[in-house]
Amino acid sequence: MTPTHDFVGIGIGPFNLGLACLTAPLSELDGIFLDERDSFSWHPGLMIDGVTIQLPFLADLVTMADPTSAYSFLNYLKATGRLCRFYIREDFYPLRAEYQAYCQWVTDQLPNLQFGTRVAQITYDEPERCYLVHTRRGGQREVLRARRLVLGIGTEPWLPAPARDLAGPAIHSADYLPHREELRSLDSVTIIGSGQSAAEIYLDLLQAGTPGHLNWVTRSPRFFPMEYTKLSLELTSPDYIDYFHALPATGRGRLNREQRHLYKGINGALINQIYDTLYRRELGDPAPTTLLTGVTLTAADWQPADSRYQLRLRHEEQAREFTLRSQGLILATGYQPRTPGFLAPVHDRIRWDEYGRFQVSRGYAVDLAEAEIFVQNAEEHTHSLTAPDLGMGAYRNSVIIAAMLGKEIYPIERSVAFQRFGAPEPAGSELAG
């Protein structure tokens, strides 16, 4: 019989890679990580020159849990001879390509990462009380045994209903770079969406001097910036997760909708850069472009006769319908969590909510015992905007490691916010003045 691992991590994105870093020095925790890709790759279609991640370097794979880790971003810079240049640059936000290179540097050092391995299904061995992870790797089948699972499979591109199963060359923003040169050659391109990716793509095409007409359309009432004020950033704290997780599901859903501007907007500096670019272009070579807010895509048709989309749009505030014809179409419409089919055989061991989503415990477990199956970035509906936040990854991994070992290896900071979330306990009590 093959040995039984303490856990198997499925998916090697930044969150599970951080878990691999933090568990690597722990002799009492034996884990292995699997990913069907051939190597680490983080948003390869959006590695636009010069763009940065939206968090400072402290939000690397490990530092917020273990500032002394050998797998920190600063140690990566030191090891590659770039620490002084990063210091002189005086910008705490790593380039996105730099973050990818850092993660690749980490993967090169960890022995327990197994790429090119697809998980086909997961079953449960009742007599042995462990999970059987059935994998395929290079035509070979293998079964790994583990007492626990950590799911870090990431999200998948989301498309609005009118754009699903759409014919023609439309792409999601996740696939932008491989199609960039083709898009630059078209006589019209339309971007749908108003998040950071949409803005980066718009500016990239604008600066390239795309000869065609460039449209940028969003249903949001404005091109709104992400909010970085410090008291708002306290919403990415353990204190706020405690408050949010204890709310009824309807309240959490409402808050998630209301808080989108905190993390699904655009970096304010990028908005200004776009405006300044338009301003400069107006003086000599005006950019043929149209920016539309408050406009919803209601239907889309690919018309092969003239190789164009006909987009039917609705201006929500004016309640007016109109159409737009465009040769290219980029759907920068975000991502959604996914439930992998390989979990089907252990469906009954997992807690689900009334909407078919994981019912995630405060400690990130989704199994009936709240001790066997953990999730990374699949809990936005239960843990708020902290779920996809790279800056909270090390905290979450500290919690998961503590749950697996029954003790805290990396001290968990439980109360870091100056503000109080919620009314005092018990209900009806008086708040001390």
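Predicted model: local features only at pLDDT ≥ 70, side-chain atom pairs only at ≥ 80, totals over all residues.

Me: What makes strand S15 and strand S16 a pair?

Reply: The cut-off is at least two bridges. S15 (residues 308–315) and S16 (residues 320–326) have seven bridges, in the antiparallel sense. So they count as paired. Leu311, for instance, stands opposite Leu324 in S16. The two strands form a hairpin with four residues between them, and Ala319 in the turn has a positive phi of about 55°.

Me: Why are strand S1 and strand S5 said to stand at the edges?

Reply: Look at the order of their open sheet, which is S1-S7-S6-S5 with mixed pairing. S1 (4–5) and S5 (118–125) each have a single partner strand, so one side of each is left without a neighbour in the sheet.

Me: What is the strand order in the sheet with parallel pairing?

Reply: That open sheet has five strands, in the order S10-S17-S11-S12-S13. Its edge strands are S10 (171–172) and S13 (289–292), each pairing on one side only. Strand S11 (residues 188–192) and strand S12 (residues 213–217) pair over five bridges, with Thr190 partnered by Asn215 and Ile191 by Trp216. S12 also pairs with S13 in the parallel sense, over four bridges, and there Val217 stands opposite Leu292.

Me: What makes S12 "mostly covered"?

Reply: Count the buried residues: four of its five are buried. Helix H6 (residues 196–207) lies across S11, S12, S13 and strand S17 (328–331), running at about 165° to S12.

Me: Why does Phe418 count as exposed?

Reply: Exposed means over 50%. Phe418 comes in at 81% relative accessibility, so it passes. You'll find Phe418 in the segment after helix H13 (393–405). Phe418 and Glu234 are 184 residues apart in sequence, yet 8.0 Å apart in space, C-alpha to C-alpha.

Me: Why is helix H1 called oblique to helix H4?

Reply: The axes of H1 (residues 14–23) and H4 (residues 96–107) come within 11 Å and cross at roughly 40°. Roughly parallel means under 35 degrees and roughly perpendicular means 65 to 115. Because roughly 40° lies between those ranges, H1 is oblique to H4. The crossing is left-handed.

Me: Which residues make that contact?

Reply: Pro14, Leu17 and Cys21 come from H1, and Tyr99, Cys103, Val106 and Thr107 come from H4. Sorted by class, that gives six nonpolar, one polar and no charged residues.

Terms used. Residues numbered from 1 in each chain as written. Heavy atoms only, no water. Axes fitted to C-alpha atoms, helices over the stretch in contact; angles between N-to-C directions. Parallel < 35°, antiparallel > 145°, perpendicular 65-115°, else oblique. Left-handed = near helix turned anticlockwise from the far one by under 90°. Contact = heavy atoms within 4.5 Å. Nonpolar A, V, L, I, M, F, W, Y, C, P; charged D, E, K, R; others polar. Buried < 20%, exposed > 50% of the residue type's maximum accessible area, 1.4 Å probe, protein only.
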